[in-house]
Amino acid sequence: MAIIYESMKKTIGELIDGLSITNNKIFHLVDKVQRNEHTREDAKKIQDLNKLRSEYMNAINEFFKERIDIKV
């Protein structure tokens with residue numbers, strides 16, 4: 001999990017910023033899918049972004065010494 005290992009190098013603000021940006025990208029792609037204007041690449045990108053979102057959430061949980069139970 002690349003993000004978790006990078007969490008030691010990133011501040012909590014950077015982690016939250018990355019999570020926010022990732023969530024925004026997912027939102028826009030899901031909206032595109034719901035309007036039936038998506039491509040196969042868009043669907044793949046959603047899967048990749050969901051994995052990245054889980055990694056960010058795990059890194060934030062690790063930062064606060066919370067239990068990591070988000071699957072990637």
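Predicted model: local features only at pLDDT ≥ 70, side-chain atom pairs only at ≥ 80, totals over all residues.
**Entry: lysine 44 and aspartate 48.** I looked up aspartate 48, whose relative accessibility is 37%, so I wrote it down as partly exposed. Its salt-bridge partner is lysine 44, and the closest N and O atoms of the two are 2.7 Å apart. Lysine 44 is partly exposed as well, with a relative accessible area of 45%. I then located both residues in helix H3, where they sit four residues apart, about one turn of the helix.

**Entry: aspartate 42 and lysine 32.** Here I found a salt bridge whose closest N and O atoms lie 3.1 Å apart. This pair links distant parts of the chain, since aspartate 42 belongs to helix H3 (residues 40-63) and lysine 32 to helix H2 (residues 12-34), ten residues apart. When I checked accessibility, aspartate 42 came out as buried at 11%, whereas lysine 32, at 28%, is partly exposed.

**Entry: aspartate 31 and arginine 35.** I recorded a salt bridge between these two residues, with 3.2 Å between the closest N and O atoms. Aspartate 31 has a relative accessible area of 28% and is partly exposed, and arginine 35 is also partly exposed, at 45%.

Entry: I noted that the structure holds four salt bridges. As a reminder to myself, side chains of opposite charge can pair when their charged atoms come close.

Terms used. Residues numbered from 1 in each chain as written. Heavy atoms only, no water. Salt bridge = Lys/Arg side-chain N within 4 Å of Asp/Glu carboxyl O. Buried < 20%, exposed > 50% of the residue type's maximum accessible area, 1.4 Å probe, protein only. Helix = DSSP H or I, 4+ residues; strand = E, 2+ residues; numbered from the N terminus.
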